[in-house]
Number of protein chains: 2
Amino acid sequence: MNTGAGSSAQEPHRDIPEATVARLPVYLRALTSLADRNIASCSSEELAAAAGVNSAKLRKDLSYLGSYGTRGVGYDVDYLSYQIAREIGVTHDWPVIIVGIGNLGQALANFSGFSSRGFRTVALLDAAPQMQGRSVAGLEVRPFADLAEIVAAEQVSIGVISVPAPAAQDVADAMVEAGISSILNFAPAVLNVPAGVDVRKVDLSIELQILAYHESRKAAEAEETVDNDSEEGITA
Amino acid sequence: MNTGAGSSAQEPHRDIPEATVARLPVYLRALTSLADRNIASCSSEELAAAAGVNSAKLRKDLSYLGSYGTRGVGYDVDYLSYQIAREIGVTHDWPVIIVGIGNLGQALANFSGFSSRGFRTVALLDAAPQMQGRSVAGLEVRPFADLAEIVAAEQVSIGVISVPAPAAQDVADAMVEAGISSILNFAPAVLNVPAGVDVRKVDLSIELQILAYHESRKAAEAEETVDNDSEEGITA
DNA sequence: CCGAGTTTGTTCTCGCAGTCACAAAGTCCG
DNA sequence: CGGACTTTGTGACTGCGAGAACAAACTCGG
């Protein structure tokens, strides 16, 4: 009865809401943590607590994937982990390249969370001559000009940009040109990419500014409540 | 006529939607970029393009702050910049401490975007003895035990956590205990904090996994469209 | 001084996301 | 073997956010 877009065979889900997609990795991490503690099964309440969300929301999110729980019992940790990993698509490793091996790029290259969660850094690229050939996190830094060649050879579809803002758009253009269709951008710049290419942005100073806004309001409120007293007596 | 919560003198705004708050820093950056190019005024259309959003959304967002534009003309770049900065609360610098001076912590300490956008890193803390006294980004790494003392002395209300996941909750607890009320968390762990404390989370592997999900779907769709052809002929 | 043109600020509508509450479905004990 | 209990999965409701469209307000040229 849907918009007749074929293949209604064994995938009753499809079209998982974006908000849910963003939480699935959180659930996956919580499940991994439970598995590490040798917990074989858990209720939605427990898993929700471990993931830091509401249990109803968790159940609804999981229901988009299918019915992988058992009523009256809960979820099997390993089984659910696999199902989520399969849905996200991290049952096999994704090759990733990092462009811009400054402080942040080096930190990312060394970040174990990438390799342990379905991603494998296959190349580090930097345009600066003095970076060439240096070894970072066990990988040799290669010239930016090699981008297309590496992407083609390693079948890379995900790229990380950690260059200064002015260079970000050029790097993005080159990535798209080379065939990359998903970009994680750490540069504080707006990227223009053609349709079909996904960009996610991580912006450190924006996060801090959002905190600052709330902090300002907290301070203003605190001041307001003291306002009645009009304390100005530092004359003692 | 609002819910009579005092002080209806010269602040007609208050209660800015969270989604808008998250975009204000983006607008601020776009404005800064325009100012750097000596552009004194701009329309909502231009600013929206620079910030990568819809112009209607931009105008709506700005309207929460007040009427700082001129109909028929547009916005004065400097004036609007100041108003946004004032609303966010970054007209003066916020002192920030960073706990966990590993690869990521060092990258954050060296990140110029912090200092140039309303934040000043006042201390770097790490629990590891071998880190003590080392100089990173012009600051000496101090023992984690000094946390409370530093927070009190420098009036710090914002803390950054860049320690491994297992230590994150302990660090958060200590921060809250010391009086910090806003936390930017880079550790892949769920933090439990009391009400009144804001936590924002930046999780690198989650961002990648979200990209992977979309990438999987792209691959699946591509396969689907080729399915009709059933190309298996690599026999040549 | 006035009208045409431009751009903001706001209203309205639609869709997505979060939460509550409950029926369905399974387990476990007597 | 049956009933009480537990927990999932889902339907209904509410509220926020995005976008389109329009009225208000300002500028500028004659």
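Here are legends for a few close-up views of this predicted model. Residues are numbered from 1 along each chain as its sequence is written, with chains lettered from A in the order in which they are written. As the model is predicted, local features need pLDDT of at least 70 and side-chain atom pairs count only at pLDDT 80 or more, while totals for chains, interfaces and linings use all residues; side-chain values use heavy atoms, leaving out hydrogens and water.

**View 1. Who sits around DNA strand C.** There are 25 residues around DNA strand C, and A:R23, A:K60, A:R71, B:S44 and B:Y75 come nearest ("near" takes a heavy atom within 4 Å).

View 2. Look for N or O pairs within 3.5 Å, the cut-off for a polar contact. An N or O atom in the side chain of A:K60 is 2.6 Å from a base oxygen of DNA strand C. For B:K60, a side-chain N or O atom lies 3.5 Å from a base nitrogen. B:G72 joins in with a polar backbone atom, 3.1 Å from a sugar or linking oxygen.

View 3. Most residues other than glycine have a negative phi. A:Q155 isn't a glycine, yet its phi is positive, about 60°. This residue is in the loop between α7 (147-154) and β8 (158-161) of chain A (strands are DSSP runs of E, at least two residues). Its relative accessible area is 63%, so A:Q155 is exposed (over 50%, with a 1.4 Å probe and protein chains only).

Notes. Helix = DSSP H or I, 4+ residues; strand = E, 2+ residues; numbered from the N terminus. Buried < 20%, exposed > 50% of the residue type's maximum accessible area, 1.4 Å probe, protein only. Polar contact = N/O pair within 3.5 Å; in protein donor to acceptor, adjacent residues only side chain to side chain.
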